[in-house]
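This note sets out points for a colleague who is new to the structure. Please read it alongside the sequence and the model.

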Amino acid sequence: MAEVQRGFGPPPEVTRFFEDKGWKPAFSWTDVFGDEHANAFSVAKVTELELGSLFKNSIGKALGEGQGFETWRKTIVEDLTRAGWGKPRLVVDPLGKQPDKVVDFTSPRRLRTIFWGNMASARAAGQWERAQRTKRALPYFLYLHTTSANPRKDHLQWVGIIRPVDDPIWASIFPPNGWHCKCAVRQISAREAEALLAREWQEDDKVRYTSEAPVIEMRTLINKRTGEVLQVPVGCDPGWGGNPGLARVKGVMRAVEQQLVQAAPEDATKKLEELWQSPWTRVVKRLPEAEAKQVWLPAGVSPKLQAETGAISPVVSINGADVVARSNLDRRYPDGRGFDDLTKLPRAIADGEVRPDPRGSANVRSLIWAEAKTWWRSFVTKSKGGYLRVTSLHQRSEKLVRRDLGGE
């Protein structure tokens with residue numbers, strides 16, 4: 001009997017987004033809120049690690065295999081029953097802010113919300129990340145008309161908008177824009193964008209195409225559980241007014257930086273070398289400058305630089321905008337200069353020769369190292385906030401290096 005061949009699985013960006021999430025207990029859905037959803041897996045009322053892991057592993061499998069809700073629901077109910085959660089049970093708020101509550105985790109309504117929320121955010125993040133890779137050929141997003149029988153009026157105002165992939169509006173209204181929202185965007189070519197915008201609108205048309213950027217009004221929201229004050233786009237449900245892909249990139253970098261502070265220097269350097277070869281840094285180099293400025297990439301760890309400058313942390317970071325600028329050199333220099341130069345920073349910061357600033361600043365140090373037969377110099381500056389930042393990276397002649405090293 002011939003073997004049945006499975007269809008194509010989900011894009012790797014989608015599954016990686018979900019698999020790389022950590023787990024965070026949550027009694028209320030507001031315990032993990034806004035951008036934090038992009039970095040931590042949580043289920044409302046799930047406060048035990050064993051139960052949280054059960055849900056995460058189950059949804060991850062469903063995502064990887066392309067399962068629909070009903071298939072997943074049957075499996076998760078069986079898993080919950082075996083784990084002793086097949087019937088309603090009392091759940092205690094670990095913060096003590098809300099009364100204990102009896103919860104039935106097998107409720108179809110609760111399971112549908114859990115399944116939809118995790119699937120939707122993973123797919124949105126994957127679509128956004130793929131767009132960063134393909135935006136040369138497909139430089140625009142088109143906001144599509146929803147398939148919902150009862151569309152939300154606030155979301156209909158965005159239907160037909162055609163804006164560049166790098167436009168700031170997609171940091172606010174990249175769908176889904178609410179619980180069970182069926183809105184979507186499609187990545188299109190410049191030719192298709194021109195053709196759609198050239199159409200003459202008729203009164204019976206469902207969609208009116210426009211390249212005009214909408215005015216995104218914001219409303220202030222206070223998370224009653226945490227006290228956090230957030231700005232949420234009008235028309236978006238709390239927790240959905242953002243871009244899970246961009247939020248995930250920023251979250252990954254923050255998480256790595258926290259791990260580096262606690263790691264031994266050599267272990268930290270090895271972890272950073274892996275990070276700079278990972279898809280996450282490749283995503284950053286494709287970001288528009290405005291978004292890249294929001295990301296700080298850890299580039300190295302140096303207790304010596306921290307001690308000499310009095311910095312808060314031994315972690316040395318570089319701004320995403322500098323990574324983008326450096327990456328653009330790749331197209332001009334066939335010898336590989338550009339982004340690949342930055343991948344050398346973790347080892348250079350760990351092992352390079354640390355020298356005082358030639359101009360005498362107490363907050364600046366120069367780093368000198370050799371790569372094959374080429375000498376390099378970089379400057380590291382302690383910011384006003386007390387953090388170490390890479391501010392330059394360039395090749396250096398052997399003659400000048402000897403001078404930098406005091407004639408050694």
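1. A disulfide is taken here as a pair of cysteine sulfur atoms within 2.5 Å. By this rule the model has 0 disulfides. Cys 181 is in none, and the nearest cysteine sulfur to it, that of Cys 183, lies 3.6 Å away. That distance of 3.6 Å between the sulfurs of Cys 183 and Cys 181 is too far for a bond.

2. The model is predicted: local features need pLDDT of at least 70, side-chain atom pairs count only at pLDDT 80 or more, and totals for chains, interfaces and linings use all residues. Residues are numbered from 1 along each chain as its sequence is written, and side-chain values use heavy atoms, with hydrogens and water left out.

3. Burial is judged by relative accessible area: buried means under 20%, exposed over 50%, and partly exposed in between (1.4 Å probe, protein chains only). Cys 181 is buried, at 7%, and Cys 183 also counts as buried, at 10%. Of the 408 residues of the chain, 45% count as buried.

4. The chain contains 15 helices and 15 strands. These are DSSP runs numbered from the N terminus, with helices (H or I) of at least four residues and strands (E) of at least two. Where contact means heavy atoms within 4.5 Å, residues 24 or more positions apart account for 60% of the contacts with a separation of 6 or more.

5. A salt bridge is a side-chain nitrogen of Lys or Arg within 4 Å of a carboxyl oxygen of Asp or Glu. The count by this rule is 14. One of them joins Arg 82 to Asp 79, with the closest N and O atoms 2.4 Å apart. Both residues belong to helix α3 (residues 69–82), where they are 3 residues apart, about one turn of the helix. Arg 82 is exposed, with a relative accessible area of 65%.

6. Which side chain meets that of Arg 347 in a salt bridge? The partner is Glu 273, at 3.3 Å from N to O. This pair links distant parts of the chain, since Arg 347 is in helix α14 (residues 345–351) and Glu 273 in helix α8 (residues 265–275), 74 residues apart. Arg 347 is partly exposed at 27%, as is Glu 273 at 28%. Both take part in a network of salt bridges that also includes Glu 266 and Asp 351.

7. Lys 344 and Asp 341 form a further salt bridge, at 3.8 Å from N to O. Lys 344 is partly exposed, at 22%, whereas Asp 341 is buried, at 4%.
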